[in-house]
Amino acid sequence: AAFTEPLACCVRAVKRLNPLLHDTVLLYGLGSIGLMLVQVLKLYRARVIGLDLVGERCERAKAFGADVTLTPGQADVAQAVREATQGRGADAAILTAGGPRVLGGAIDLLRDGGVAMLFASDPAHQRGELDIHRFFHRELSLVSSYSPSTVELQEALALLAERTVRVKTLVTHRVPLADLNHGMRLFRDKEALKVFVEMEQP
């Protein structure tokens, strides 16, 4: 039940992106949301290149079906994307993290006519520069996806009930309410994917 709404957000995002068969999608951020997005994208038969600063999350993404995973700073991302797309560039990019800080780099990796999707915003970095001429000349698109409708909520619940999208292993930590601060630290420091806070029984 706890995953129904976040999965519905992922379903809506991929429906708005509407990738074609074998489109290559760059996925920035492989936390619990990113790992659900990997699974939904694979339902559309898209090729997924996942990027995350945490190597362990990249390994998880491979287990969920990502075709390629990259750790920026440890890999030449531009070269890897060129090789994976035979020099064409990615068809789309979804940003679940990074906001304006990574948007420019993602745009550089798109093919002409590609789409960049903002799935999340970064309150600490709300503004960034955008080269409008480059968008116009390369026929790029910038879209966003924020909240699901009741349709996506129903679809997400069905995907979970049928176990088409797997979420059990995304819960990496469980803490009692008394240790809420510890659970928040685990999440903030990227030591956890999803932390469940459990209420003590009376």
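Predicted model: local features only at pLDDT ≥ 70, side-chain atom pairs only at ≥ 80, totals over all residues.
**View 1. Helix H1 against helix H2.** The axes of H1, which spans residues 4-17, and H2, which spans residues 32-43, come within 9 Å and cross at roughly 50°. The handedness of the crossing between H1 and H2 is right-handed. On the H1 side the contact is made by Pro6, Leu7, Cys10, Val11 and Val14, and on the H2 side by Ile33, Met36, Leu37, Val40 and Leu41. Sorted by class, the contact of H1 with H2 holds 10 nonpolar residues, with no polar and no charged ones.

**View 2. Helix H1 against helix H7.** Here the axes of H1 and H7, the latter covering residues 150-161, come within 8 Å and cross at roughly 110°, and the two helices are therefore roughly perpendicular to each other. H1 passes H7 in a crossing that is right-handed. From H1, the residues in contact are Thr4, Glu5, Leu7, Ala8, Val11, Arg12 and Lys15, while H7 contributes Val151, Glu152, Leu153, Glu155, Ala156, Leu157, Leu159 and Leu160. By class, this contact of H1 with H7 comprises 9 nonpolar residues, 1 polar residue and 5 charged residues. Leu7 and Val11 of H1 are among the residues that make the contact with H7, and Leu7 and Val11 are also among those that make the contact with H2.

**View 3. The largest pocket.** The space in the largest pocket amounts to about 1000 Å³. Its lining is formed by 35 residues, and those that lie nearest the centre of the pocket are Gly29, Thr96, Ala97, Gly98 and Lys190. Two or more residues of the lining come from each of H1, H2, helix H5 (100-108) and helix H8 (180-188). The lining of the largest pocket divides by class into 17 nonpolar, 10 polar and 8 charged residues.

**View 4. The second largest pocket.** About 340 Å³ of space lies in the second largest pocket. This pocket is lined by 21 residues, of which Gly99, Pro100, Leu103, Leu118 and Gln126 are the closest to its centre. H5 gives the most to the lining of the second largest pocket, supplying 4 residues, and H5 is also one of the elements that give two or more residues to the lining of the largest pocket. By class, the lining of the second largest pocket consists of 9 nonpolar, 8 polar and 4 charged residues.

Conventions:
Residues numbered from 1 in each chain as written. Heavy atoms only, no water. Axes fitted to C-alpha atoms, helices over the stretch in contact; angles between N-to-C directions. Left-handed = near helix turned anticlockwise from the far one by under 90°. Contact = heavy atoms within 4.5 Å. Nonpolar A, V, L, I, M, F, W, Y, C, P; charged D, E, K, R; others polar. 1 Å grid on protein atoms, 1.4 Å probe; cavity = no way out; pocket = protein on both sides within 12 Å on 5 of 7 lines; lining within 4 Å. Points joined across faces, edges and corners; volume = space filled by probe spheres on them. Parallel < 35°, antiparallel > 145°, perpendicular 65-115°, else oblique.
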